[in-house]
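Subject: Structure handover

Hello,

The sequence and the structure are below. My notes on the fold, the helices and the ligand shell follow.

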Amino acid sequence: MLVACLEDGSVVGWIHVYIAMRVESNPFGELGGFVVEENHRRRGIGSALLGAAETWLTGRGIETLRVRSRSTRVDAHAFFEKAGFSMTKDQRVFDKPIMIDT
Ligand SMILES: CC(C)(COP(=O)(O)OP(=O)(O)OC[C@H]1O[C@@H](n2cnc3c(N)ncnc32)[C@H](O)[C@@H]1OP(=O)(O)O)[C@@H](O)C(=O)NCCC(=O)NCCS
């Protein structure tokens, strides 16, 4: 995880990037979370965090970065498109609670 700090050390943004492994595809980078504090947006902090995440991935031989973004996050979609991402999938997510027998 990478964080963006002000000069006084306060954290104003963070990005979590990891390498996803799948049986049927080459390893790729994926964002697990990415937030810039609301009153610090549109100052290039998100772009700087994303650039650092990309550098981390390319240093490990990874050539693709994926982000899954809720369909209602229109602002974030504008950011990602500006940053060079294009939409490749439209998915639904299913969760199931699972019980551990005791
Ligand atoms: C997405 C997010 C991380 C972007 O961070 P940021 O620091 O504001 O991004 P930047 O300042 O680097 O923006 C770079 C460019 O992206 C585009 N952009 C960013 N936010 C935008 C918005 N709300 N609407 C339209 N375009 C936007 C602009 O082109 C911007 O350049 P400009 O400000 O010179 O016009 C931030 O909006 C955020 O934390 N959103 C809430 C959490 C979220 O949705 N995270 C993504 C989860 S998938």
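In these notes, a residue is near a molecule or strand if its C-beta atom, placed from the backbone, lies within 6 Å of it. By that rule 18 residues surround the ligand, and the closest are Arg41, Gly46, Ser47, Asp75 and Ala78.

Before the rest, two points on the source. This is a predicted model, in which local features need pLDDT of at least 70 and side-chain atom pairs count only at pLDDT 80 or more, while totals for chains, interfaces and linings use all residues. Residues are numbered from 1 along each chain as its sequence is written.

Ligand shell

The elements giving two or more residues to the shell are strand E3 (25-36), helix H1 (45-58) and helix H2 (74-82). Helices (H or I, at least four residues) and strands (E, at least two) are DSSP runs, numbered from the N terminus. H2 supplies the largest share of the shell, five residues. Sorted by class, the shell has eight nonpolar, four polar and six charged residues. Here Ala, Val, Leu, Ile, Met, Phe, Trp, Tyr, Cys and Pro count as nonpolar, Asp, Glu, Lys and Arg as charged, and the others, Gly among them, as polar.

Overall fold

The chain has two helices and four strands, and from the N terminus on the elements run β-β-β-α-β-α. Its C-alpha atoms fill a box of roughly 50 × 35 × 30 Å, taken along the principal axes. Of the 102 residues, 11% count as buried. A residue is buried if 20 or more other C-beta atoms lie within 10 Å of its own, exposed if 12 or fewer, and partly exposed in between, with C-beta atoms placed from the backbone. Of the contacts in the chain with a separation of 6 or more, 48% are between residues 24 or more positions apart. Two residues are in contact if their C-beta atoms, again placed from the backbone, lie within 7 Å.

Sheet

The four strands make an open sheet in the order E1-E2-E3-E4, with mixed pairing. E1 and E4 stand at the edges with a single partner strand each, so one side of each has no neighbour in the sheet. Two strands pair if DSSP finds at least two bridges between them.

- E1 (residues 2-5) and E2 (residues 11-22) run antiparallel and are joined by four bridges. Valine 3 stands opposite tryptophan 14 in E2. The two strands form a hairpin with five residues between them, and glycine 9 in the turn has a positive phi of about 90 degrees.
- E2 and E3 pair in the antiparallel sense over nine bridges, and two residues lie between them in a hairpin. Histidine 16 is opposite glycine 33 in E3.
- E3 and E4 pair in the parallel sense over two bridges. Glycine 29 stands opposite leucine 65 in E4, and glutamate 30 has arginine 66 in E4 as its bridge partner.

Helices

The 14 residues of H1 should span 20 Å at 1.5 Å a residue, and the end C-alpha atoms are 20 Å apart, which agrees. The expected span is 1.5 Å times one less than the number of residues. The buried residues of H1 are Gly46, Leu49, Leu50, Ala53 and Leu57. Seen down the helix axis, these buried residues fall within an arc of 95 degrees, so they line one face of H1. The arc is that of the directions from the helix axis to the C-beta atoms. The buried residues of H1 pack against E1, E2, E3, strand E4 (65-66) and H2.

The face of H1 turned away from its buried side carries the exposed residues Thr55 and Thr58. Threonine 58 has 12 other C-beta atoms within 10 Å. Threonine 58 and glycine 29 are 29 residues apart in sequence and 9.4 Å apart in space, C-alpha to C-alpha.

H2 is hardly covered: among its nine residues, the count of buried ones is zero. Just after H2, glycine 84 takes a positive phi of about 105 degrees.

Most residues other than glycine have a negative phi. Arginine 42 has a positive phi of about 65 degrees although it is not a glycine. Arginine 42 sits in the loop between E3 and H1 and is exposed, with 9 other C-beta atoms within 10 Å.

Regards
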